[in-house]
Amino acid sequence: MPIYEFICERCELRFEELMRNGDKPRCPGCSTNDVRRLLSSFAVHSQSANLGGGGASKSCSSCAGSSCASCH
Ligand SMILES: [Zn+2]
């Protein structure tokens with residue numbers, strides 16, 4: 001059985017659980033079943049890479065193009 005990583009929506013605790021019959025596991029911290037499954041670790045890594053990369057050369061964050069004052 002696959003093990004998935006979850007994050008609790010209440011207390012933001014991250015934990016790993018076996019996925020059984022599509023049931024959501026309960027948070028070991030606060031016992032709620034209001035938890036969300038994290039997709040995979042690579043998604044977290046690419047997100048932090050985007051944050052650190054700072055796309056100043058590619059696209060402008062204020063106009064999403066290349067024709068505003070902060071682009072030039
Ligand atoms: Zn919790």
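Two strands are said to pair if DSSP finds at least two bridges between them. With that term in hand, I would like to present this structure, which is a predicted model.

I begin with the overall layout. The chain contains three strands and one helix. Read from the N terminus, the elements follow the order β-β-β-α. Of the 72 residues in the chain, 6% are buried.

The three strands form an open sheet in the order E2-E1-E3, and their pairing is antiparallel. Strand E2, residues 14–18, and strand E3, residues 35–37, are the edge strands, each pairing on one side only. From one strand to the next, the twist averages 40°.

Let us consider the pairing of E1 with E2. Strand E1 covers residues 3–8, and five bridges link it to E2 in the antiparallel sense. Which residue of E2 is the bridge partner of Ile-3? That partner is Leu-18. At the next position I wish to show, Tyr-4 stands opposite Glu-17 in E2. The two strands make a hairpin with five residues between them. Within the turn, Glu-12 has a positive phi of about 60°.

The other pairing is that of E1 with E3. These strands run antiparallel and are joined by three bridges.

Notes: Residues numbered from 1 in each chain as written. Predicted model: local features only at pLDDT ≥ 70, side-chain atom pairs only at ≥ 80, totals over all residues. Helix = DSSP H or I, 4+ residues; strand = E, 2+ residues; numbered from the N terminus. Buried ≥ 20, exposed ≤ 12 C-beta atoms within 10 Å, placed from the backbone. Axes fitted to C-alpha atoms, helices over the stretch in contact; angles between N-to-C directions.
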